Amino acid sequence: MSISVSNLTKTFGSQKAVNNISFQVNSGEIVGFLGPNGAGKSTTMKMIAGYITADGGNIDVCGESVVENSCNTKKKIGYLPEANPLYFDMYVREYLIFIAEIHQIDEKFKRVKEVIELVGLQKEVNKKIGQLSKGYKQRVGLAAALVHDPEVLILDEPTSGLDPNQIIEIREVIKKLGLTKTILFSSHIMQEVEAICNRVVIIHKGQIVADDQLNNLQLNNSSNHYVTIQFKEVVSMDMLQNLKEVLSIKDFPDSTFTIETSHPEVMRRQLLEISIERDINIISLNSEKQNLEQIFKTLTN
């Protein structure tokens, strides 16, 4: 396996930021590493990348200890931190050539050209980094993480600051990279994680609260369903709250409601009965299990 974390611990003063956690990421996997702010997510990623040292436990990257062989493991890791550190007075191409020289890449100009095309920076190469939008600065950071063609990628909020079109483009880049690299990927955008990752690790208050395939998480944590209905006529929430098996209701514009229930079939039948009895037209009616965002809220509440 490419990343192996065993009994990892990190303390800052009296706060235990990471509390005896263990997980693995296999070669060729894209794993979503999730957690609320302050959960220990970024601290763990920094320890894997070798930027801060652990107080206890072991980290292996590509079979080598990060503690004992830090220089070797850093050569195999491409790291994009949440606070993307860049030299704003350097031009984009100049900066990436500088990073390539640090990694002692032989054909540095060829490789820089490849990563510029890969992350979509062609139109910005002659600008100073400080002139770029936040989204393009993020692309420069991603290009810098890729320039030495690492086996492992640690990406902390890689789509931060991107517009919806840019997010889709970077998503496709990450999925393509996942065919040949091991990727540990962090994001607060649950839809991005669902689109990119098959497996997620969730950390909360320094401890792992979930580590499983996304499908299994949905099965094991989705005792409740959500029934969404849109009426043609105006309907009051009070009428729906009197139905059986209602756990919660959210109302939206255009007479649309999402009802949380543990018995979706009972709920659907009641809604159809109301429609017939009160001569109310239903425009749409569907039900679904909890999505990743809802599971995340449940596990980290």
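**Exercise 1.** Work out in which sense strand 6 and strand 7 pair, and over how many bridges.

*Solution.* Start with the ranges: strand 6 covers 77-80 and strand 7 covers residues 152-156. Strands here are DSSP runs (E, at least two residues), while helices are runs of H or I with at least four residues, all numbered from the N terminus. Two strands count as paired if DSSP finds at least two bridges between them. Now look at the pair: strand 6 and strand 7 run in the parallel sense over four bridges. One spot to check is Gly78, which stands opposite Leu153 in strand 7.

A quick word on the model: it's predicted, so local features need pLDDT of at least 70 and side-chain atom pairs pLDDT 80 or more, while totals for chains, interfaces and linings use all residues. Residues are numbered from 1 along each chain as its sequence is written, and side-chain values use heavy atoms, leaving out hydrogens and water.

**Exercise 2.** Find the strand order of the open six-stranded sheet and name its edge strands.

*Solution.* First, trace the order: 6-7-8-3-9-10, with mixed pairing. Next, pick out the edges: strand 6 and strand 10 (207-213) each pair on one side only.

**Exercise 3.** Which strands does helix 5 touch as it packs on the sheet?

*Solution.* Helix 5 spans 134-146. Contact means heavy atoms within 4.5 Å, and helix 5 touches strand 6 and strand 7. Then compare directions: helix 5 makes about 165° with strand 6 (axes are lines fitted to C-alpha atoms, for helices over the stretch in contact, and angles run from 0 to 180 degrees between N-to-C directions).
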